[in-house]
Each structure stands twice: as structure tokens, then as C-alpha cells.
Amino acid sequence: MENINEKLSCLVVDDEQPAQWVLTSYISETSNLELKACAFDAMEALEVMKNHSIDLLFLDINLPGLNGLEMLDTLEFQPMVIFTTAYAAYAADSFEYNVVDYLVKPVTRQHFDRAVMRAFEKARLREVTANTDTRYPTISLELNLGGSTETVETENIVYLQSYGNYVKVFLETRMILATSTTHQLLSQLPQKSFLRIHKSFIVNRKYIKAYSNNSVVAGKEKLPIGISYRQSVVTALNQ
């Protein structure tokens, strides 16, 4: 691999020890990756992520309890994700989560290196956005409308709502129906400005006027806080 200055902190989540060994071996042999921990299930992984900043998640989908996709649904901020699974059938669902890559076991070194290079490319893009952050940073976001596109400034987005295979993007004066998912759009939004409060809702913090343990008022709308998001949302808003 190329010499890259950044070092990404990694978490491996897989319920099979041999699969963990393969990935941790590859990571240890890659100078720009740093292994923070391994976890055997989603709950253990979530606990690790409370105590460590994770840049890159190697995530098996078929986990006991919460599966990998369900685990991602609980995250306020999603790190970069490389799915590793023995089941190619999950591929279509995984792309809704805007993952870096999808690796089918057994994972080869060549495929591992390709996925990691994609992660570094994505990390560089995130760094460019972060370098322009203010209190409520904004970027130009291109929305796919099906047969056309529309570009909006993220500072003008009040909130986003999942709507089947679409996302309702609410501006102050109108709504745009975009062909996308909330996971895909969340990965493109400035993280300091937007907060996932529910599986179906992402809110621009700039527009939050009031909140409780159960809801937030964004613009003129009262939106629910999902039970699994409650602690992280209240903590974020109290900062």
C-alpha cells in the first residue's frame, strides 16, 4: 500500500474468532491502521465505541442479538464501515448504509487492501470538510431526485425524514423528495451540524429551539426522539 500520513483507528466486530484473527493480522501489517479492539457482538462493540474514537469499523452483518445493520441504526455518528460477511445476499441492503466496501469471507489480502485504500480516500474528503467547519458548518449537497438533481446548502435544511426508499428533505419554505436513504445523506452532512434523533429523523442543530427526553422542536415541527437514541441525543444537546 501507499505511504499515507493518516492513521485510522479500527474496531473489528465478528462473532467468529478465526475471522477476527485474519483481520487483526492484516491490520497489524498495515502501518496506517491501528487496532483499538475486537468485539464478538454489537453490544460489546457499542461499549467499545463509548470509550474509544473509532475511524474504521470492520463489521460482520450476521451477529448474535443485534445484527450489523441494526447496530448501525443505533449510532448517532457512523464511522466508516467495511462490511465483512460470509453472505453475499446482504450486499444490496448494505449499500443503503453508504459503506466503504463489502467483503465476502474469506477475506483476501488484495481485497482488504483495496477496501482500506477506499477508506483513506473517504477520510481525506471528510478532513477537507472538517477544515472548513464553524459552529454550524455548511456544504453544498447534491440531491438525487430520480431523473434530475438539485443542490442545496445544508445550512438551509431543517430536518430530514426517512420515507421508504426516499428521504424528505425539509427546508424552511419547502420540502424536497430525494431518492436516497438517511444513512447515505448522513455520511455527507457536516457532523457538527446534524444529529440523528431517531431511525427516521435527522435534525439540523441550528434549528433546534427546544427539547425534552422524548422530542425536539426543530423549526416549527415537534419531532420524536427514538428510545435507542435518547441518551446520546440528550448528552449531545446538553454539551
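In the hairpin of β6 and β7, four residues lie between the strands, and Gly146 takes a positive phi near 105 degrees. Strands, like helices, are DSSP runs numbered from the N terminus (strands E, at least two residues; helices H or I, at least four). The model is a predicted one, in which local features need pLDDT of at least 70 and side-chain atom pairs count only at pLDDT 80 or more, while totals for chains, interfaces and linings use all residues. Residues are numbered from 1 along each chain as its sequence is written, and side-chain values use heavy atoms, with hydrogens and water left out.

Strand β6 (residues 140–144) and strand β7 (residues 149–153) run antiparallel and are joined by five bridges; two strands pair if DSSP finds at least two bridges between them. Glu142 has Thr151 in β7 as its bridge partner. Glu142 also belongs to the uncovered face of β6, together with Ser140 and Asn144, whereas Leu141 and Leu143 make up the covered face.

An open sheet is formed by five strands with parallel pairing, in the order β2-β1-β3-β4-β5. Its edge strands, β2 (33–39) and β5 (101–104), each pair on one side only. On average, neighbouring strands of this sheet are turned by 20 degrees against each other, direction ignored; axes are lines fitted to C-alpha atoms, for helices over the stretch in contact, and angles between N-to-C directions run from 0 to 180 degrees. Strand β1 (residues 8–13) runs parallel to β2, with six bridges joining the two. Within this pairing, Ser9 stands opposite Glu34 in β2. Helix α1 (residues 17–28) packs on the sheet and touches β1, β2, β3 and β4 (80–85), its direction making about 160 degrees with that of β2.

The largest nonpolar core has 23 residues, of which Leu11, Val13, Leu57, Leu59, Met71, Leu72 and Phe83 touch the most other members. Such a core is a set of buried Ala, Val, Leu, Ile, Met, Phe, Trp, Tyr and Cys residues joined through side-chain atoms within 4.5 Å, where buried means under 20% relative accessible area, exposed over 50% and partly exposed in between (1.4 Å probe, protein chains only). At least two residues of this core come from each of β1, β2, α2 (42–51), β3, α3 (68–73) and β4, and α2 supplies the largest share, five residues. Apart from neighbours within four places in sequence, Leu59 is in contact (heavy atoms within 4.5 Å) with residues including Val13, Gly68, Met71, Leu72 and Phe83. A second, separate core of 20 residues includes Tyr26, Phe58, Met80 and Phe120.

Four aromatic pairs are present in the structure. Rings of Phe, Tyr and Trp (its six-membered ring) pair if their centres lie within 6.5 Å; planes under 30 degrees apart count as stacked, over 60 as edge-to-face and the rest as tilted. Phe58 and Phe112 form a stacked pair, at 5.5 Å centre to centre and 15 degrees between the planes. This pair links distant parts of the chain, with Phe58 in strand β3 (residues 56–59) and Phe112 in helix α5 (residues 109–130), 54 residues apart. Phe58 and Phe112 are both buried. The pair of Tyr159 and Phe170 is stacked because the ring centres are 4.4 Å apart and the planes are at 15 degrees. Tyr159 lies in strand β8 (residues 157–163) and Phe170 in strand β9 (residues 166–171), 11 residues apart. Tyr159 counts as buried because its relative accessibility is 6%. Ring pairs also link Tyr26, Phe58 and Phe112 into a cluster.
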